[in-house]
Amino acid sequence: MDTRKVYIETYGCQMNLADTELIVGLLKPHGYEPTQVAAQADVILLNTCAIREHAEERVLRRLGELVRHKTRRPGVLLGLTGCMAQHHRESLLDKAPFLDLVLGPDAYRHLPALLVQEDKDEPLVSVRLDRDETYADITPARGEGVRAWVTVMRGCDKFCTFCIVPYVRGRERSVSLAALLAQVRELAAQGYKEVVYLGQTVNAYRDGDHDFADLLWRTAEVEGIERIRFTSPHPADMSERIIAAMATCPKVASYLHLPLQAASNRVLEQMERGYTVEQYATLVERLRAAVPGIALSTDIIVGFPGEEESDFRATYDFMAEIRYDSAFMFKYSAREGTKAYKWGETLSEEEKGRRLQEIIALQERISAEINRQTIGQTVEVLIEGPAKRQEGWLAGKSGQFKTVVFPSTGAQPGEVMPVRVVSATAHTLVGEARL
Ligand code: 5AD
Ligand code: SF4
């Protein structure tokens, strides 16, 4: 069988990165090998994100660049997969008529068959959402390293009014507990040390009577796996059982990404987030009591339709009060098809930008302060490999999922070792190994 080469660029969240590994895993048995060089590829795919307009614009620009491979080398196939393919299934072929393939997130299984179809004159479009598709039987082609991403559930049933995800990824569905544990045992045997469970609302995971807490407990029993992390949980699904699992399993990271979005009850209600600021604050208290020293990160949207200055101030003040370790902060982007889209935009780009800059500055200050408090402490670092910026240094993550860099001791990726923090910035702890 001739080997054909596939080049994939991934945009967006970790689910998409995991989906890219899935696509490569699906194609490999059909004689495809991944390549990092588009100019050598027979198939070029962009695995895309639709969460904000900006992400989509980038992809369209990139498509305009990549189309030259088709003109230079007839026979090359250019395709778009993922959320943007699902979102713009109709208009995409007008904007990019040179596309050969348009595949939504539930259609990857058809990819090998579509690639060998005889008639390549018409673009191939497969965008049916499938309530049952979990790809549980497909082995993703994972990269080398200490960390393995494992998708435990797909889709989302929450329908927050700003969010396109439920429309492009479809309904919530989980992989069975047995299939996941088998996968994790296999990963441990292959030498992976950290498992990251992924799902759009990962803690809504369910298999019959088993919930996400069961998954954490059972995973912690797998020998060889040192760390367990998951993203992204929804605050409304953060049950006592899950908190207890986090508290009782030392392997579960002392870190949680807990998307807040906004801290005005009026805005939260219009977002249909399913919690009040008070309920969220109580949840943080319970987490901090159960898992002492837990690091928290969050997602914030500024400029949601109708967000008044007073609503924004409430979000700012809440962030100052909670003191997240880090935050992902975004300007609201109206997404066609969502409920909020119909409400239009009530703020200018400039005003949204001003609000965004204000919370970014606040968070940078808080992140730096929190990280500086760790100076002098010793943290357990799971080593990932050489540091990117300093020659001869190693990089890894602490149990709170903070990046730690330190001069190499010759230790290997996958080893866990104590490192004393000697200095810190908002994003990195700098340390020295304790031998
Ligand atoms: N505009 C801006 N940010 C958004 N997010 C989701 N939808 C939008 C949107 N329309 C953000 C939320 C979510 C994160 C993954 O992306 O904060 O938690
Ligand atoms: Fe989007 Fe809300 Fe679902 Fe998260 S929980 S993916 S923000 S709809």
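The structure is a predicted model, in which local features need pLDDT of at least 70, side-chain atom pairs count only at pLDDT 80 or more, and totals for chains, interfaces and linings use all residues. Residues are numbered from 1 along each chain as its sequence is written, chains are lettered from A and ligands numbered from 1 in the order in which they are written, and side-chain values use heavy atoms, with hydrogens and water left out. The chain has 13 helices and 21 strands; helices (H or I, at least four residues) and strands (E, at least two) are DSSP runs, numbered from the N terminus.

**Overall form**

- The radius of gyration of the chain is 22 Å, which agrees with the value near 22 Å for a compact globule of 435 residues; the radius is taken over C-alpha atoms, and the globule rule is 2.2 Å times the number of residues to the power 0.38.
- Taken along the principal axes, the C-alpha atoms of the chain fill a box of roughly 65 × 55 × 50 Å.
- Of the 435 residues, 53% count as buried; buried means under 20% relative accessible area, exposed over 50%, and partly exposed in between (1.4 Å probe, protein chains only).
- Contacts (heavy atoms within 4.5 Å) between residues at least 6 apart in sequence join residues at least 24 apart in 72% of cases.
- Carbon and sulfur atoms account for 49% of the accessible surface of the chain, which comes to about 19300 Å²; accessible areas come from the Shrake-Rupley method with a 1.4 Å probe, and for residues only the protein chains shown count as cover.

**Ligand 2**

- The residues surrounding ligand 2 include Cys-156, Cys-160, Cys-163, His-234 and Arg-273; a residue belongs here if one of its heavy atoms lies within 4 Å of the ligand.
- This shell divides into seven nonpolar, three polar and two charged residues; Ala, Val, Leu, Ile, Met, Phe, Trp, Tyr, Cys and Pro count as nonpolar, Asp, Glu, Lys and Arg as charged, and the others, Gly among them, as polar.
- Cys-160, a member of the shell, is buried because its relative accessibility is 9%.

- The structure holds zero disulfides, a disulfide being a pair of cysteine sulfur atoms within 2.5 Å.
- Cys-83 is in no disulfide, and the nearest cysteine sulfur, that of Cys-49, is 6.3 Å away.
- Cys-83 is buried, with a relative accessible area of 8%.

**Helix H8**

- Helix H8 (residues 212-220) is mostly covered, with seven of its nine residues buried.
- Among the buried residues of H8 are Phe-212, Asp-214, Leu-215 and Leu-216.
- The elements covering them include helix H7 (177-189), strand E13 (227-231) and helix H9 (240-248).

**Loops and backbone**

- The peptide bond from Thr-231 to Ser-232 is cis, with omega near -10°, and Ser-232 lies in the loop between E13 and H9.
- Gln-261 has a positive phi, near 75°, in a residue other than glycine; Gln-261 is in the loop between strand E14 (255-257) and helix H10 (265-271) and is buried at 7% relative accessibility.
- Arg-323 also is not a glycine and has a positive phi of about 55°; Arg-323 is in the loop between helix H12 (309-322) and strand E16 (326-331) and is partly exposed, at 27% relative accessible area.
- Most residues other than glycine have a negative phi, and most peptide bonds are trans.
- Arg-128 is in the loop between strand E6 (124-126) and strand E7 (147-151) and is exposed at 72% relative accessibility.
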